Amino acid sequence: MAVIVKYVVERDGVEKMTFASKAEADAYDKMLDIADELEAMIQGSGLVEQEELVESLALYLAERKEEVATILKGKKKAPAKPAEKKPAPKAADKAA
(Lines give C-alpha, C1' and ligand atoms only; values in the text may rest on other atoms or scores of the structure.)
Protein backbone atom coordinates (compact mmCIF):
# COMPACT_ATOMS: atom_id res chain seq x y z
CA MET A 1 0.00 0.00 0.00
CA ALA A 2 1.33 3.45 -0.94
CA VAL A 3 1.21 6.51 1.27
CA ILE A 4 0.27 9.69 -0.57
CA VAL A 5 0.65 13.12 0.99
CA LYS A 6 -1.81 15.73 -0.22
CA TYR A 7 -2.05 19.40 0.68
CA VAL A 8 -5.57 20.78 0.71
CA VAL A 9 -6.39 24.48 0.50
CA GLU A 10 -9.57 25.15 2.44
CA ARG A 11 -11.56 28.36 2.74
CA ASP A 12 -14.51 28.78 5.11
CA GLY A 13 -14.75 25.03 5.56
CA VAL A 14 -14.82 24.35 1.81
CA GLU A 15 -12.04 22.51 0.01
CA LYS A 16 -10.83 24.70 -2.84
CA MET A 17 -7.97 22.69 -4.33
CA THR A 18 -5.65 19.78 -3.57
CA PHE A 19 -1.93 19.83 -4.34
CA ALA A 20 0.95 17.37 -4.26
CA SER A 21 3.41 19.91 -2.80
CA LYS A 22 3.25 22.34 0.09
CA ALA A 23 4.78 25.10 -2.04
CA GLU A 24 1.99 24.85 -4.62
CA ALA A 25 -0.67 24.83 -1.91
CA ASP A 26 0.89 27.87 -0.22
CA ALA A 27 1.08 29.75 -3.54
CA TYR A 28 -2.58 29.02 -4.27
CA ASP A 29 -3.61 30.07 -0.75
CA LYS A 30 -1.70 33.32 -1.15
CA MET A 31 -3.41 33.94 -4.50
CA LEU A 32 -6.79 33.47 -2.80
CA ASP A 33 -5.75 35.96 -0.08
CA ILE A 34 -4.88 38.50 -2.79
CA ALA A 35 -8.21 37.85 -4.54
CA ASP A 36 -10.06 38.50 -1.26
CA GLU A 37 -8.30 41.86 -0.85
CA LEU A 38 -8.96 42.82 -4.47
CA GLU A 39 -12.60 41.83 -4.10
CA ALA A 40 -12.98 44.15 -1.10
CA MET A 41 -11.29 46.97 -3.03
CA ILE A 42 -13.51 46.50 -6.10
CA GLN A 43 -16.67 46.32 -3.98
CA GLY A 44 -15.61 49.48 -2.17
CA SER A 45 -15.28 51.36 -5.44
CA GLY A 46 -18.95 50.92 -6.26
CA LEU A 47 -18.05 50.50 -9.94
CA VAL A 48 -19.22 46.88 -10.18
CA GLU A 49 -22.42 45.91 -8.43
CA GLN A 50 -22.80 42.26 -9.41
CA GLU A 51 -21.15 40.23 -6.65
CA GLU A 52 -20.35 37.30 -8.95
CA LEU A 53 -18.64 39.64 -11.41
CA VAL A 54 -16.64 41.27 -8.61
CA GLU A 55 -15.46 37.86 -7.41
CA SER A 56 -14.51 36.73 -10.94
CA LEU A 57 -12.63 39.95 -11.66
CA ALA A 58 -10.72 39.80 -8.37
CA LEU A 59 -9.72 36.18 -8.99
CA TYR A 60 -8.66 36.98 -12.57
CA LEU A 61 -6.43 39.83 -11.40
CA ALA A 62 -4.96 37.77 -8.54
CA GLU A 63 -4.10 34.91 -10.89
CA ARG A 64 -2.19 37.39 -13.06
CA LYS A 65 -0.60 39.42 -10.28
CA GLU A 66 2.87 39.55 -11.86
CA GLU A 67 1.52 40.88 -15.14
CA VAL A 68 -0.71 43.38 -13.34
CA ALA A 69 2.21 44.59 -11.20
CA THR A 70 4.38 45.04 -14.29
CA ILE A 71 1.65 47.02 -16.04
CA LEU A 72 1.09 49.22 -12.97
CA LYS A 73 4.82 49.96 -12.84
CA GLY A 74 4.57 51.21 -16.42
CA LYS A 75 7.09 48.69 -17.70
CA LYS A 76 4.83 46.78 -20.04
CA LYS A 77 1.85 47.60 -22.15
CA ALA A 78 -1.39 45.74 -21.61
CA PRO A 79 -1.73 42.65 -23.78
CA ALA A 80 -3.51 43.16 -27.07
CA LYS A 81 -7.02 41.90 -27.44
CA PRO A 82 -7.12 38.41 -28.93
CA ALA A 83 -7.41 38.51 -32.70
CA GLU A 84 -10.53 37.14 -34.27
CA LYS A 85 -10.02 33.69 -35.68
CA LYS A 86 -10.38 33.42 -39.43
CA PRO A 87 -12.53 30.54 -40.66
CA ALA A 88 -10.58 27.60 -42.00
CA PRO A 89 -10.44 27.49 -45.81
CA LYS A 90 -12.92 25.12 -47.38
CA ALA A 91 -11.77 22.18 -49.50
CA ALA A 92 -13.14 23.91 -52.63
CA ASP A 93 -10.99 26.99 -51.87
CA LYS A 94 -7.84 24.85 -51.64
CA ALA A 95 -8.47 23.20 -55.03
CA ALA A 96 -8.78 26.53 -56.83
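The model is predicted: local features need pLDDT of at least 70, side-chain atom pairs count only at pLDDT 80 or more, and totals for chains, interfaces and linings use all residues. Residues are numbered from 1 along each chain as its sequence is written, and side-chain values use heavy atoms, with hydrogens and water left out.

**Fold**
- The protein chain has 4 helices and 2 strands, where helices (H or I, at least four residues) and strands (E, at least two) are DSSP runs numbered from the N terminus.
- Along the sequence, the pattern is β-β-α-α-α-α.
- Contacts (heavy atoms within 4.5 Å) between residues 24 or more positions apart make up 18% of those with a separation of 6 or more.

**Core**
- Of the 96 residues, 15% count as buried; buried means under 20% relative accessible area, exposed over 50%, and partly exposed in between (1.4 Å probe, protein chains only).
- The largest nonpolar core has 12 residues, including Val9, Phe19, Tyr28, Leu32 and Val54.
- Helix H1 (22–45) and helix H2 (51–63) are the elements that give two or more residues to this core, and H1 gives the most, with 7 residues.
- Such a core is a set of buried Ala, Val, Leu, Ile, Met, Phe, Trp, Tyr and Cys residues joined through side-chain atoms within 4.5 Å.
- Tyr28 touches Val9, Lys16, Met17 and Phe19, not counting residues up to four places away in sequence.

**Surface**
- The chain exposes about 8,500 Å², of which carbon and sulfur atoms supply 56%; accessible areas come from the Shrake-Rupley method with a 1.4 Å probe, and for residues only the protein chains shown count as cover.

**Salt bridges**
- The count comes to 5 salt bridges, each a side-chain nitrogen of Lys or Arg within 4 Å of a carboxyl oxygen of Asp or Glu.
- Asp29 and Arg11 form one of them (3.0 Å, N to O); Asp29 lies in helix H1 and Arg11 in strand S1, so this pair ties together parts 18 residues apart in sequence.
- Arg11 counts as buried at 15% relative accessibility, whereas Asp29 counts as partly exposed at 30%.
- Salt bridges that share partners join Arg11, Asp29, Asp33 and Asp36 into one network.
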